Amino acid sequence: MTLSANNQQTFDKALAASTEQINSFYKADNPKTHYILFLEYLHLSKMIADLKEMDYNNEEMQEITEYVFERIPHKEILANVMTPEYFPGATEMMRYMMMSPEDLEQEKQKLFNETGLWNV
């Protein structure tokens, strides 16, 4: 997948900020932080779609999500989060995937509050 130079720079800045944020809150023994990692992954994927002015249901989204997955920290946990162990019926996962970037941020804030972590 290729991005224009400006879009690549925008994504790289967002990824660096996300990575710093993820590394500051992530706890291997706290599953809620695993869900927050998943939400951040979705948010970054949708950000690229927005930069490319694409619909989120576009067939290119698979390529975008793979691009983000390869660049986000804690890939092994993220891969586990995308399994039935975390989302037994897949309904909740689909609900998250259909959320707007703004709704993802609100959901992330809710999970932060539930974990006792600081507000984002």
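Mentor: Happy to! Tyr41 and Phe69 are both buried, where buried means under 20% relative accessible area, exposed over 50% and partly exposed in between, with a 1.4 Å probe and protein chains only. Bear in mind that this is a predicted model, in which local features need pLDDT of at least 70 and side-chain atom pairs count only at pLDDT 80 or more, while totals for chains, interfaces and linings use all residues. Residues are numbered from 1 along each chain as its sequence is written, and side-chain values use heavy atoms, leaving out hydrogens and water.

Tyr41 has a relative accessibility of 7%. With Phe69 it forms an edge-to-face aromatic pair, 6.4 Å centre to centre and with 85° between the planes. Rings of Phe, Tyr and Trp (its six-membered ring) pair if their centres lie within 6.5 Å; planes under 30 degrees apart are stacked, over 60 edge-to-face and the rest tilted. This pair links distant parts of the chain, since Tyr41 sits in helix α2 and Phe69 in helix α3 (residues 61-69), 28 residues apart. Helices here are DSSP runs (H or I, at least four residues), as are strands (E, at least two), numbered from the N terminus.

In total, the structure holds nine aromatic pairs. Another of them joins Phe38 and Tyr41: the ring centres are 6.2 Å apart and the planes stand at 35°, so this pair is tilted. Both residues lie in α2, three residues apart, about one turn of the helix. Phe38 is buried too, at 1% relative accessible area. Ring pairs gather Tyr35, Phe38, Tyr41, Phe69, Tyr86, Phe87 and Tyr96 into a cluster.

Now for the helix itself. The axes of α2 (residues 31-51) and α6 (residues 101-115) come within 10 Å and cross at roughly 165°; axes are lines fitted to C-alpha atoms, for helices over the stretch in contact, with angles from 0 to 180 degrees between N-to-C directions. The two helices are therefore roughly antiparallel, a label for angles over 145 degrees, with under 35 roughly parallel, 65 to 115 roughly perpendicular and the rest oblique. Contact, meaning heavy atoms within 4.5 Å, involves residues including Tyr35, Ile36 and Leu39 of α2 and Leu104, Leu111 and Phe112 of α6. The contact residues divide into eight nonpolar, two polar and eight charged; Ala, Val, Leu, Ile, Met, Phe, Trp, Tyr, Cys and Pro count as nonpolar, Asp, Glu, Lys and Arg as charged, and the others, Gly among them, as polar.
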